[in-house]
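Subject: Structure handover and findings

Dear colleague,

My notes on it come after.

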Amino acid sequence: MSTTRRFQVGDFACVALNDGEFTYTAEQYFPSAPHDVVAQALQQSGQAAAAIPSPFTCLLVDTGDARVLVDTGAGPLTPELGRLPEGLRAVGVEPTDVDVVVVTHGHPDHIGGLTTNGSVTYPNARHLIMRDEWAYWTDEAVLAEYPALFAESARDNLIPLADRFDLVAGKVEVVPGVELIPAPGHTIAHCAIAVTSAGEDLLHVVDVAMHPLHLAHPDWHTAFDFDPQQALASRRELLDRAASEGSLVLAYHLHPFPGLGRVSRSDTGWTWDPADDEAPPR
């Protein structure tokens, strides 16, 4: 399994980093969709409704002045996960070399690598998260209502790092050329990432769409969405932007890795055009 994919955005050296692969079910990905339509579409793509593969794809952006890591993977959630540090080292970056860690939202597959054996994984990095997202996932009254996996992940990986996080709101410039964009709905304050350099741009939509069928059928929400209608509004806003601007798009869960491509409008939604995995880095 490939763990890294280098690519350029203008003058910025970027790497998609595969933390490992997980499987979801059609009930998790498409709970509101007609079962027969989903089953047929999955069959046509060679996938089974009971085991839809998903990489967990983190992003490293090296602007030349700063190394920005977007999300930290799942950590030790399963033996197949937690490969992000290995991927970083494969491209010559130690965890201590990371300058900024951006957490797009508080789900376990995005925050599980913030700590390693109880210690901060990226000790020299400034950590950023949306203020409302932090407030939600560090509220014990909220965590008490969640399954143990979600609650324990927040308690282990967010709460102990309280003094390391900068809490932000709205559109925020992380470093020149890297911007946080609010994209709520999947979680209370889920965010996307825009990377712009030398006339080129990347829109990392994170969990706004978890499968190409979410592009073809933009009204199909996921079982993980905090506010399904708001999540669908964010999906439309981001994918319309990507289609209009011709942006390169990255999505955290799109299979196969690296989930990198472009979108164009179709009659019902958008069409996914994967990037050529064999294209050499520029």
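Predicted model: local features only at pLDDT ≥ 70, side-chain atom pairs only at ≥ 80, totals over all residues.

Residues are numbered from 1 along each chain as its sequence is written, and side-chain values use heavy atoms, with hydrogens and water left out.

Confidence

pLDDT is the predictor's confidence in each residue, from 0 to 100. Its mean over the protein is 95, and 98% of the residues reach 70 or more. Helix α2 (residues 35-44) has the lowest confidence, with a mean of 93, and strand β4 (residues 67-70) the highest, at 99. Over residues 277-282 the pLDDT stays under 50, and the model has eight contacts for them beyond four places in sequence. Contact means heavy atoms within 4.5 Å.

Sheet β1 to β9

Helices (H or I, at least four residues) and strands (E, at least two) are DSSP runs, numbered from the N terminus. Two strands pair if DSSP finds at least two bridges between them. An open sheet of seven strands has the order β1-β2-β3-β4-β5-β8-β9, with mixed pairing. Its edges are β1 (4-9) and β9; each has a single partner strand, so one side of each is left without a neighbour in the sheet. From one strand to the next the twist averages 25°. Axes here are lines fitted to C-alpha atoms, for helices over the stretch in contact, and angles run from 0 to 180 degrees between N-to-C directions. Strands β2 (residues 12-24) and β3 (residues 52-62) run antiparallel and are joined by 10 bridges. A13 has D62 as its bridge partner in β3.

Sheet β10 to β16

Another open sheet has seven strands, in the order β10-β11-β12-β13-β14-β15-β16, again with mixed pairing. Strands β10 (172-175) and β16 (270-274) are at the edges, each pairing on one side only. The twist averages 30° from one strand to the next. Helix α9 (residues 228-245) packs on this sheet and touches β11, β12, β13 (200-206), β14 (248-251), β15 (260-265) and β16; the direction of α9 makes about 95° with that of β15.

Strand β12 (residues 191-197) runs antiparallel to β11 (residues 178-182), with five bridges between them. E179 has A194 as its bridge partner in β12, and L180 stands opposite I193. On the β13 side, five bridges again join antiparallel strands, and I193 has H204 as its bridge partner. A hairpin with two residues between the strands is formed by β12 and β13, and A198 in the turn has a positive phi of about 50°. Six of the seven residues of β12 are buried, where buried means under 20% relative accessible area, exposed over 50%, and partly exposed in between (1.4 Å probe, protein chains only).

Further along, β14 and β15 run antiparallel with two bridges, and V249 has G261 as its bridge partner in β15. Five bridges join β15 to β16, also antiparallel. S264 stands opposite T271 in β16, and the hairpin between β15 and β16 passes through four residues.

Loop residue I159

I159 lies in the loop between α7 and β9 (165-168). It is partly exposed, at a relative accessible area of 32%. I159 touches W134, T138, E140, L143 and A154, leaving aside residues up to four places away in sequence. W137 is 22 residues from I159 in sequence and 8.6 Å away in space, C-alpha to C-alpha.

Pockets and cavities

On a 1 Å grid over the protein atoms alone, a cavity is a set of points where a 1.4 Å probe fits but cannot get out, and a pocket is an open set with protein on both sides within 12 Å along at least five of seven lines; lining residues have an atom within 4 Å of a point. Grid points are joined across faces, edges and corners, and a volume is the space filled by probe spheres set on the points.

The largest pocket holds about 380 Å³ of space. It is lined by 22 residues, of which A74, G75, P76, G112 and N157 are the closest to its centre. Two or more lining residues come from each of β6 (115-116) and α7 (148-157), and α7 gives the largest share, six residues.

The whole structure has two cavities of 30 Å³ or more. About 50 Å³ of space lies in the largest cavity, whose lining is A183, P184, G185, H186, H190, D207, V208, D225, A231 and R235.

Regards
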